[in-house]
Amino acid sequence: MLHKFNKEDFFTKVNLHIHSTFSDGRVDFLDLIQEAEKLNLELFSITDHNTFEGYYTLEKIPPNMIIGIEFDCFIDLNLPHILGYGVDINNEELKSLTAKFDRGKFSTLKRIFTSRNPKKVIEAIHNAGGIAVLAHPCCYWCISLDRFVQKLVSYGLDGIEVYYPYNRLTRVVKFHSRKTVLKLAEKYNLIKTGGEDCHTSLIKENR
């Protein structure tokens with residue numbers, strides 16, 4: 001399904017990286033769904049940090065919404081974020097990796113100290129029927145992004161976030177270019193995804 005979307009589709013009719021108040025976002029989960037409908041998004045995903053709580057509040061998933069989550073991980077002195085899409089939110093293996101306390105969803109510092117093994121995260125995402133995608137790859141401070149991505153690919157990484165509106169850590173420090181990310185996506189035959197990593201309203205006039 002994701003292969004049919006191209007660069008122009010992201011930010012206009014597809015947004016696969018959104019956060020609600022169930023993690024560190026500022027807008028209610030249900031309100032974000034309503035905003036996505038107002039914007040006529042063809043596909044969107046709310047990817048709260050380490051939790052599925054928002055999805056448990058829904059009676060059914062909207063047809064243009066794909067279940068998502070963002071896991072904080074740790075590997076080789078780096079803190080990659082692994083996005084899981086299309087997963088079974090009731091899968092026990094995956095649920096065991098979710099945050100057990102609020103600080104594991106809201107606090108950046110706490111999330112760092114409770115980071116997960118990316119290999120286990122990717123395996124759990126697959127076992128829950130989903131795909132694993134590396135979030136905002138320009139922001140990691142590894143010397144060789146190629147070697148970093150290659151290791152994650154060896155763990156089963158399916159995709160990489162290519163289309164998103166910033167390429168700097170906390171929008172300040174830049175480590176890698178988007179051109180490099182695109183080349184790596186093609187080199188390792190990874191699914192190209194994208195999203196705003198939005199923590200506020202999806203409707204720009206309200207930001």
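1. Helices and strands here are DSSP runs numbered from the N terminus, a helix (H or I) having at least four residues and a strand (E) at least two. The model is a predicted one, in which local features need pLDDT of at least 70 and side-chain atom pairs count only at pLDDT 80 or more, while totals for chains, interfaces and linings use all residues. Residues are numbered from 1 along each chain as its sequence is written, and side-chain values use heavy atoms, with hydrogens and water left out.

2. Helix 1 covers residues 29-38, and F29, L32, I33, E35 and A36 are its buried residues, where buried means under 20% relative accessible area, exposed over 50%, and partly exposed in between (1.4 Å probe, protein chains only). In general, an α-helix has 3.6 residues a turn, so residues three or four places apart point the same way. Strand 1 (14-18), strand 2 and helix 2 are among the elements that cover the buried residues of helix 1, contact being taken as heavy atoms within 4.5 Å.

3. The two ends of helix 1 also deserve a look. At its start, a side-chain oxygen of D28 comes to within 2.9 Å of the backbone nitrogen of L30; a polar contact is a pair of N or O atoms within 3.5 Å, and within protein one must be able to donate a hydrogen and the other to accept it, residues adjacent in sequence counting only if both atoms are side-chain atoms. Helix 1 is followed by N40, which has a positive phi, near 55°.

4. T51 sits in the loop between strand 2 (43-46) and helix 2 (53-56). A polar atom of the T51 side chain lies 3.1 Å from the backbone nitrogen of E53, and T51 counts as buried because its relative accessibility is 5%.

5. At 10% relative accessibility, D197 counts as buried.
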